[in-house]
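Please consult the sequence and the structure shown below while reading.

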Amino acid sequence: MAAPPKPDAPAERRVRTVLRRLKAAYPVAECALHHDSPFQLLAATILSAQCTDARVNQTTPALFARFPDAAALADADVREVETLVQSCGFFRSKAKNLVGMATALVERHGGEVPRRLEDLVTLPGVGRKTANVVLGVCFGIAEGVVVDTHVGRISRRLAFTEEKDAVKAERDLCELLPKSRWVSFSHRLILHGRSVCDARKPRCEECALRSVCPRVGVGKTGER
């Protein structure tokens, strides 16, 4: 599939305005998942699939106290891990992926989280989104834009992409945004989605982006 065309000058100005206003509204752009190491963030991000960050943050302290590193988790009984992560939903598949991920880290990478996207996405339970989270947050490596439900939704409303597929939307965003903003853009859009740009009832009258947002797909029933 051909890459999207380069944005024209007006589009570039609008992108710069959006980035500037997001930074002003959310000056501290950090990952919401609590962690003390790349391994912990990798595990937490696997758990976050179809689960809130708040719930994951309630779950991981006990998990990490019992299994503080890849070597410990690789030797875990999957049934015990299931019990520890049950509140995160899809706990059987997540527990299996966690133990599989840890085993792969021990066997292939000496127990350390690799710094290449190509290596990360071969781990059980790890796709591009999870890999991009870990690379950006832990290592400051911008390999792509993290596209979760908030980022995808708001990017479409901003007309930054028309794609609902996360991989295709990421491609569009990488083409549109400066690489230096790939990591922070996702963090800020996630914060914006939680606080203002709600999926069902976006508070457009309170939005710092209101004057530059075309509000694609936001009808009268979606505004207050």
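The lining of the largest pocket comprises 14 nonpolar, 11 polar and six charged residues. In this classification Ala, Val, Leu, Ile, Met, Phe, Trp, Tyr, Cys and Pro are nonpolar, Asp, Glu, Lys and Arg are charged, and the others, Gly among them, are polar. The model is predicted: local features need pLDDT of at least 70 and side-chain atom pairs count only at pLDDT 80 or more, while totals for chains, interfaces and linings use all residues. Residues are numbered from 1 along each chain as its sequence is written, and side-chain values use heavy atoms, with hydrogens and water left out.

The largest pocket holds about 570 Å³ of space. Among its 31 lining residues, Asp53, Lys129, Asp148, Ile190 and Arg194 are the closest to its centre. Two or more lining residues are given by each of α8, α9 (149-157) and α11, and α11 supplies the largest share, seven residues. Helices here are DSSP runs (H or I, at least four residues), numbered from the N terminus.

One cavity of 30 Å³ or more is found in a search of the whole structure. The largest cavity has a volume of about 120 Å³, and of its 15 lining residues Cys197, Cys204, Cys207, Cys213 and Arg215 are the closest to the centre. Its lining divides into 10 nonpolar, one polar and four charged residues. Grid points are joined across faces, edges and corners, and a volume is the space filled by probe spheres set on the points.

The structure holds zero disulfides (pairs of cysteine sulfur atoms within 2.5 Å). The sulfur of Cys207 is 6.3 Å from the closest cysteine sulfur, that of Cys197, which is too far for a bond.

| Residue | Relative accessible area | Class |
|---|---|---|
| His192 | 3% | buried |
| Cys197 | 10% | buried |
| Cys207 | 17% | buried |

Helix α2 (38-47) is largely enclosed by the rest of the structure, because nine of its 10 residues are buried. The cover over these buried residues includes α3, α4 (70-74), α5, α6 and α8 (128-139). In α10 (residues 166-176), the buried residues are Ala169, Glu170, Asp172, Leu173, Cys174 and Leu176. Asp165 caps the N-terminal end of α10, with a side-chain oxygen 3.2 Å from the backbone nitrogen of Val167.

Most residues other than glycine have a negative phi. Gln50, in the loop between α2 and α3 (53-66), has a positive phi of about 55° and is exposed, with a relative accessible area of 70%. Phe90 likewise has a positive phi, near 50°, and is placed in the loop between α5 (78-85) and α6 (91-109).

Note on methods:
Buried means under 20% relative accessible area, exposed over 50%, partly exposed in between (1.4 Å probe, protein chains only). A polar contact is a pair of N or O atoms within 3.5 Å; within protein, one must be able to donate a hydrogen and the other to accept it, and residues adjacent in sequence count only if both atoms are side-chain atoms. Contact means heavy atoms within 4.5 Å. On a 1 Å grid over the protein atoms alone, a cavity is a set of points where a 1.4 Å probe fits but cannot get out, and a pocket is an open set with protein on both sides within 12 Å along at least five of seven lines; lining residues have an atom within 4 Å of a point.
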